[in-house]
Amino acid sequence: MIPSIATVCVSGTLREKLEAIAAAGFTAVEIFENDLIAFPGSPTEVKAICADLGLSIVTCQPFRDFEGMPDNRRQRTFDRAERKFDLLQELGCDLLFVCSSTSPEALSGIDRLANDFTELGERAFRRGLRVGYEALAWGRHVFDYRDAWEVVRRVGRDNVGIVLDSFHILSRDLSPSTIGTIPRDKIAMVQMADAPRLQMDYLSWSRHWRCLPGQGDLDLSGFMQALVSTGYDGVLSLEIFNDRFRAGSARSVALDGHRSLIWLLDEASRQLGRPVPGTVPMPPPGPVEAVEFIEFAVSEAERPGFATLLRALGFARVGAHRSKDVDLWRQGDIRIVLNSEADGFAHSYQITHGTAVCALALRVPDAQAATQRARALLDTPYAGAVGPGELDIPGVRGLGGSLLYFLDQASALGGWAQVDFEATGEASTGAGLTGVDHVSQTMQYEEMLTWLLFYSSLFETVKTPTQAVLDPGGVVQSQVIESGLKGAGHEGLRLILNGSQSHRTLSARFVTDFFGSGVQHIAFQTADIAAMVKCLVANGVAMLPIPENYYDDLEARSDLSPQEIEAMKALNVLYDSDAAGSFRQAYTQTLDGGLFFEIVQRDGYTGYGAPNATIRLAAQARLARPITIPARSRDGNLSR
């Protein structure tokens, strides 16, 4: 199939849109009518721009309110069609895209509609053009693709076909199975869009909430299986209306669009057990077995203070890099790398963001396969400086310019700690932390769908429904992504993506003060949170104070005894439970730069303490600097 995208998907002027689409690797494009109307030049100039960029124009769409018009208006619609034919020929494309009528004047009746399309097809044939008919989900009389197909079938002309759109079909919960009965040469083109499941009118849902394949909840798998069964190998084009995309970078959205179609065709090929035309060869997605290490960029001046914090948390400095100013710290299955190199990637990252997580290293079944898949999905590879005898750990660029490394236990990469680090001989029984539970990444609201697609296309993942969390400064949208294997040593990856449209929330303030998106908090597991928190407090770690009202409410809504609640209150521990078990969590106070740590005790529980998030945010907001007070820049000067 031929990947394509409509100009309505991305922001900017028409020229900017076309340049972004070409830069993302597309070779085909749909021109949206409004973009052409607003362009300060002729259609011939648009054709020339596309030719220079290596783009073929699929169609200029849509052509509205054509079929079923009363006799006194019918001729007028054909006059409009002839002018549209002129435009298409000037643009150098051959498909008239007709969406089902929404006009209150339109009349019903399959025979009436078929007669209209028969005449339209004859007129198009004389011009060497084709006609495609799409059923809009909110069409006046035709809103089911099966009715549109019946119209096309009755016309019986080779140059009149159906346009299939995944949103219009799946939003109405129509079975895509009938697609498999449509001859491939009667499918004029196919448009793809995903969307979250929402209860709202179809027009508003379509105009504001469509998203790229893999970012929503629609059954695109069933749609693709039915489509592939026809043998169709033509244009597969994205048509996305989304407020986030309109506010985002045209190049980023276009690249995400191409990535989503590559992923979609790969998914379809694997589910069908055979290659789908247009599929990019790549290894299948694998699970994330564990977070192998978390790397912090930290300046030489700040490293002693951060090392003191790690010791207070129970970590021991177990390794020193053989050739770089890098240390390895460990507790349980948690490994933290402190990188204070005076040049290179970590140094640049620290200059921009201060002490911060600059890389996550993920253990996967096959690191090279993960790297190959990332490249096929248009992710940006990373190659750092490698000294003599050191391992070359593969990786790609991640959130906010950070890195995502891939390691496995089946190759030499499994011995990274022994190869790259000399043991210090320092040992520690630790304070009771056992593993990485989850990592929370905070980003611009407009970026959330980008990183959802990034992770879900690269790995085997599951995602939970997006949640709106109340912050004293506004609403934070939160999306959980999980990947992993069950069993000892396989903690997998749990990521929480957070973003907010309000500039007053702590999430938004983190992005501003951090100078970009990044890791805002890391949650560590423990088997005994009470003992763990007591140890941290004894070591001088400042914990986040929780208001007493929380515990009064907890007593009213839980089955915990007063003694248990009193013990949690004394330690500022929060509580939640679900059908699988119970959950206890506590937070450190926020460090300079916005980072904080969470300690969790899971006893069968599968969630993330969502009911407590509002309490935690309110507690953090009380301790945060007033929003009117400027933060300090990286050079120590005051900035906002």
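A crossing of two helices is called left-handed if the near helix is turned anticlockwise from the far one by less than a right angle, and right-handed if clockwise. The model on your screen is predicted, so local features need pLDDT of at least 70 and side-chain atom pairs count only at pLDDT 80 or more, while totals for chains, interfaces and linings use all residues. Residues are numbered from 1 along each chain as its sequence is written, and side-chain values use heavy atoms, with hydrogens and water left out.

**First stop: α4 and α5**

Select residues 71-91, helix α4, together with residues 110-126, helix α5, whose axes come within 11 Å and cross at roughly 35°. Helices here are DSSP runs (H or I, at least four residues), strands are runs of E of at least two, and both are numbered from the N terminus. The crossing of α4 and α5 is right-handed. Now show the side chains in contact (heavy atoms within 4.5 Å): among them are Phe-78 and Phe-85 of α4 and Leu-120 and Arg-123 of α5. The residues of this contact between α4 and α5 divide into five nonpolar, two polar and five charged, where Ala, Val, Leu, Ile, Met, Phe, Trp, Tyr, Cys and Pro count as nonpolar, Asp, Glu, Lys and Arg as charged, and the others, Gly among them, as polar.

**Second stop: α1 and α11**

Next select helix α1 (residues 14-23) and helix α11 (residues 250-272), which pack at an angle of about 40° with their axes 8 Å apart. The two helices α1 and α11 are therefore oblique to each other, and α1 passes α11 in a right-handed crossing. Their contact is made by Glu-19, Ala-20, Ile-21 and Ala-23 of α1 with Ala-250, Arg-251 and Ala-254 of α11, and the residues of the contact of α1 with α11 include five nonpolar, no polar and two charged.

**Third stop: the cavities**

A cavity is a set of points on a 1 Å grid over the protein atoms alone where a 1.4 Å probe fits but cannot get out, and its lining residues have an atom within 4 Å of a point. The largest cavity has a volume of about 80 Å³. Of its 14 lining residues, the closest to its centre are Leu-360, Leu-399, Ser-402, Leu-403 and Gln-441. Strand β13 gives the most to this lining of the largest cavity, with three residues.

Finally, select Glu-67, Arg-140 and His-141, which are among the residues that line the second largest cavity, whose volume is about 50 Å³.

Definitions and conventions:
Axes are lines fitted to C-alpha atoms, for helices over the stretch in contact, and angles run from 0 to 180 degrees between N-to-C directions. Angles under 35 degrees count as roughly parallel, over 145 as roughly antiparallel, 65 to 115 as roughly perpendicular and the rest as oblique. On a 1 Å grid over the protein atoms alone, a cavity is a set of points where a 1.4 Å probe fits but cannot get out, and a pocket is an open set with protein on both sides within 12 Å along at least five of seven lines; lining residues have an atom within 4 Å of a point. Grid points are joined across faces, edges and corners, and a volume is the space filled by probe spheres set on the points.
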